Structures are given as C-alpha cells and as structure tokens.
Amino acid sequence: MVRRPTAALDLAGKSVKSECNFSAPLFRTHLFMAKITYITHDDKEFAVEAATGTTVMENAIKNSVPGIEAECGGACACATCHVYVEPEWQPVTGGPDIMEEDMLDFAWEAKPNSRLSCQIKVTDEMDGLVVRIPARQA
Ligand code: FES
C-alpha cells in the first residue's frame, strides 16, 4: 500500500494536508511491451513492440508486417496467420492445441514449429520472440 499526501480543504475551506491511501495495483497499469521480430521469407525483419495479452497476429496486422493475412480475424478458422516459431522460443510459446493443430493441416508447408499467430498470446516471457513468416499463406 502506498500513502500519498494530497491537498484538501477542511470544513472551513482552509487548506489542510491529508493522506489518502492508494492501493498500488489499482493505479498501476501493467502494460509490458515485448519485442517481437517477424522475419519474412525473403529475410526482411520487422521488429515491433507488443503489449502482453495481445496476439502475435494482432501485432503483425497493426504494424503492417507483410505476409500475415489473418482472414478470419483471429478465430482460428483460416490458417492465413501461419508462422514458424524459432526453435529456441518453442518452449515459451508452447505448442498448438487440438483445434489449432487441425487448422494447421490447411497451412502452407506446415512444419513441427508451425503455429497460428492468432493463437499465440504475448506474455512478458516472450520479450525477444522471433517468428518467421512462410512464403505464402493457405
Ligand atoms: S487469423 Fe485465421 S486462423 Fe489465425
């Protein structure tokens, strides 16, 4: 708990000093930004700052990273947001769930490190994440 002095008026309108109790979590916005690097099939790099809780797909679209189409808007129903997670980052991003795995069957040249970027939620631990974008989408 953080105690902060504030200016206040007493009943007579005279300025008095008082203290208000602030609960730090109420006033602190946790908006950690993780750096994500997208590498296109022709080795062009796009580094973006991604807020935790957003998806890798959303950040690609928001920053106009080429090669991510996301036709279904993140509903795990199109496989046009396909990326390859760099092997060293696979333990951090985790693998696809059953629904995503089924959809990856429609992705172009899926590999063991394939993921649908709309299903990767950015966490603090993903700061530095690198994903590669295939030459084309489904
Ligand atoms: S945006 Fe359609 S599956 Fe990811």
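In which loop is Cys 76 found? Cys 76 lies in the loop between H2 and E5. The model is predicted: local features need pLDDT of at least 70, side-chain atom pairs count only at pLDDT 80 or more, and totals for chains, interfaces and linings use all residues. Residues are numbered from 1 along each chain as its sequence is written.

The protein chain has 4 helices and 7 strands. These are DSSP runs, numbered from the N terminus (helices, H or I, at least four residues; strands, E, at least two). Their order along the sequence is β-β-α-β-β-α-β-α-α-β-β.

Of the 138 residues, 25% count as buried. A residue is buried if 20 or more other C-beta atoms lie within 10 Å of its own, exposed if 12 or fewer, and partly exposed in between, with C-beta atoms placed from the backbone. Contacts are pairs of residues whose C-beta atoms, placed from the backbone, lie within 7 Å. Among contacts between residues at least 6 apart in sequence, 60% join residues at least 24 apart.

The largest nonpolar core holds 24 residues, of which Val 56 and Val 131 touch the most other members. Such a core is a set of buried Ala, Val, Leu, Ile, Met, Phe, Trp, Tyr and Cys residues joined through C-beta atoms within 7 Å. Not counting residues up to four places away in sequence, Val 56 touches Ile 36, Val 83, Ser 117, Ile 120, Val 122 and Val 131.

Cys 76 has a positive phi of about 60°, although it is not a glycine. Ala 79, also not a glycine, has a positive phi of about 60°. Ala 79 is placed in the loop between H2 and E5. Cys 76 is partly exposed, with 17 other C-beta atoms within 10 Å. Ala 79 is buried, with 23.

Terms used: Contact = placed C-beta atoms within 7 Å.
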